Amino acid sequence: MPSGPTHRVESVPLRTIWPREQQDFSQWLVDNIDFLNDHLPFDIDPESIGAEQSAGDFWVDIVGEATDPDSTDPVKVIIENQLEHTDHDHLGKLLTYVSAFDATKAIWISARARPEHAKAVQWLNDESNIDAWLFDVGVIRIAGSPEAPLLTQIVGPSDLSRKAKADKRASQAERAEKQAFWAAVLPVVAVACRDQGVWQRPITTSSVYVSTSVRNGPGRIAWQLWVTAHGSWICLRIHGQDAEEALHYYRELAASRHDIDGEFGEPLTWDSLEGSLTSVVRWDNPVHGGYRDDPEQWEPVAERLAQAMSHLVKATGARVAALPKYVSVHHETDAELA
């Protein structure tokens with residue numbers, strides 16, 4: 001079979017096409033931004049971009065705006081160009097420019113990406129709120145044809161990293177909501193329980209519950225306040241080193257169940273959770289409202305929680321302190337054998 005003509009692909013040195021990094025390559029990219037847009041999941045607006053903008057004592061190569069599919073507002077895009085192998089200096093500049101312009105998209109174009117810098121850009125995608133790309137740029141010529149630029153993605157955000165960051169942002173927002181809820185509720189509880197001397201220590205938390213131990217009580221027994229997205233509840237939590245210890249204290253306390261419910265003012269929910277290390281005496285707040293609800297709803301929630309916690313402390317505090325200490329059956333047997 002006769003062979004056809006061979007078309008040799010020739011690599012063209014970048015500096016023969018763009019002698020100067022800023023004045024030639026950056027300006028060419030500004031004039032041909034679609035060349036970069038073809039490799040991105042969004043389009044940088046040609047009308048928004050500009051070359052050599054000031055960032056303090058530094059000059060960023062290109063700044064532009066783009067419409068992010070995940071946002072309704074334009075976002076800032078930083079582009080750092082380097083017609084050599086990547087180096088620490090340009091990585092530092094990229095991060096400086098991202099911070100100075102409050103950008104959420106960072107693009108680094110170089111002649112060749114070093115592995116350690118590719119890893120650094122991947123870290124930005126995995127751990128920060130920045131979407132970052134690292135490209136190698138090249139120029140080729142085929143059998144005397146005009147030079148053609150090539151862009152090869154080395155690193156870019158993946159669907160997995162985007163999801164992880166979205167989950168992280170959602171988690172951070174949820175923690176902030178819980179912290180705000182407790183900041184509104186705990187001072188009210190402290191006032192209601194002032195005479196009992198409990199819940200007086202300031203607490204800052206983003207957990208779904210807060211605890212304070214029963215003074216002079218045996219084992220690990222605590223009063224707790226809990227919040228959900230749209231509700232709240234309180235409990236006396238009885239925790240043992242093993243299920244037998246937890247059940248022992250629960251049964252001792254449950255012997256006074258009728259009196260405790262009466263002093264509290266309404267029936268509590270008693271749950272031994274047999275087989276578990278924990279037993280609970282619980283009350284659910286009938287007033288609707290949790291950390292996901294409008295903060296304006298939190299005042300009546302806080303007042304009802306505070307009132308109930310005050311009653312629970314009064315009804316159970318002295319009784320818990322008087323509970324006989326649990327002695328393990330295995331411990332008694334060991335002592336007898338000794």
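Accessible areas here come from the Shrake-Rupley method with a 1.4 Å probe. By that method the surface of the chain comes to about 18300 Å². Carbon and sulfur atoms account for 51% of this surface. The model is predicted.

## Overall form

The chain holds 10 helices and 12 strands. Its radius of gyration is 33 Å, whereas a compact globule of 338 residues would have a value near 20 Å. The C-alpha trace spans about 100 × 55 × 45 Å along its principal axes. Buried residues make up 41% of the 338 residues. Take the contacts between residues at least 6 apart in sequence: 60% of them join residues at least 24 apart.

Charge comes next. The chain carries 30 positive and 51 negative charges.

The largest nonpolar core has 41 residues. Those with the most contacts inside this core are Phe181, Trp199, Trp223, Leu225, Ile234 and Met309. Several elements give two or more residues to this core, among them helix 6 (159-192), strand 9 (220-227), strand 10 (232-239) and helix 7 (243-254). Helix 8 (257-264), strand 12 (278-284) and helix 9 (298-321) also belong to that list. Helix 9 gives the largest share, 11 residues.

A second core is separate and has 25 residues. Leu83, Ile107, Ile109 and Val139 are included in this second core.

Which loop holds Trp199? Trp199 lies between helix 6 and strand 8 (209-213). Its phi is near 65 degrees, a positive value in a residue other than glycine. Trp199 has a relative accessible area of 6%, so it counts as buried. Trp199 is also one of the residues with the most contacts inside the largest core.

Leu273 is another non-glycine residue with a positive phi, about 45 degrees. Leu273 sits in the loop between strand 11 (269-271) and strand 12. Is Leu273 buried or partly exposed? Leu273 counts as partly exposed because its relative accessibility is 33%, and the buried class ends under 20%.

## Asp131 and Lys165

Asp131 is found in strand 6 (residues 131-142). Its relative accessible area is 8%, so Asp131 is buried. Beyond residues up to four places away in sequence, Asp131 touches Thr104, Lys105, Ala106, Asn125, Pro157, Arg162 and Lys165. Ile107 is 24 residues from Asp131 along the chain, and their C-alpha atoms are separated by 8.6 Å. Ile107 itself is included in the second core.

Lys165 lies in helix 6. Lys165 is buried because its relative accessible area is 4%. Leaving aside neighbours within four places in sequence, Lys165 is in contact with Leu124, Asn125, Asp126, Ser128, Asn129, Ile130 and Asp131. Asn125 is on the contact list of Asp131 and on that of Lys165.

Gly231 lies in the loop between strand 9 and strand 10. Gly231 has a relative accessible area of 16%, so it counts as buried. Which residues does Gly231 touch, not counting those up to four places away in sequence? They are Gly289 and Gly290.

Asn285 is found in the loop between strand 12 and helix 9. At 10% relative accessibility, Asn285 is buried. Asn285 touches Ser232, Trp233, Val301, Arg304 and Leu305, again not counting residues up to four places away in sequence.

## Sequence and space

| Pair | Apart in sequence | C-alpha to C-alpha |
|---|---|---|
| Asp131 and Ile107 | 24 residues | 8.6 Å |
| Lys165 and Ala120 | 45 residues | 17 Å |
| Asn285 and Val327 | 42 residues | 36 Å |

Asn285 and Val327 are 42 residues apart in sequence and 36 Å apart in space.

Terms used. Residues are numbered from 1 along each chain as its sequence is written. This is a predicted model: local features need pLDDT of at least 70, side-chain atom pairs count only at pLDDT 80 or more; totals for chains, interfaces and linings use all residues. Side-chain values use heavy atoms; hydrogens and water are left out. Helices (H or I, at least four residues) and strands (E, at least two) are DSSP runs, numbered from the N terminus. The radius of gyration is taken over C-alpha atoms; the globule rule is 2.2 Å times the number of residues to the power 0.38. Buried means under 20% relative accessible area, exposed over 50%, partly exposed in between (1.4 Å probe, protein chains only). Contact means heavy atoms within 4.5 Å. Lys and Arg count as positive and Asp and Glu as negative; His and the chain ends are not counted. The place of a charge is taken as NZ of Lys, CZ of Arg, CG of Asp or CD of Glu. A nonpolar core is a set of buried Ala, Val, Leu, Ile, Met, Phe, Trp, Tyr and Cys residues joined through side-chain atoms within 4.5 Å.
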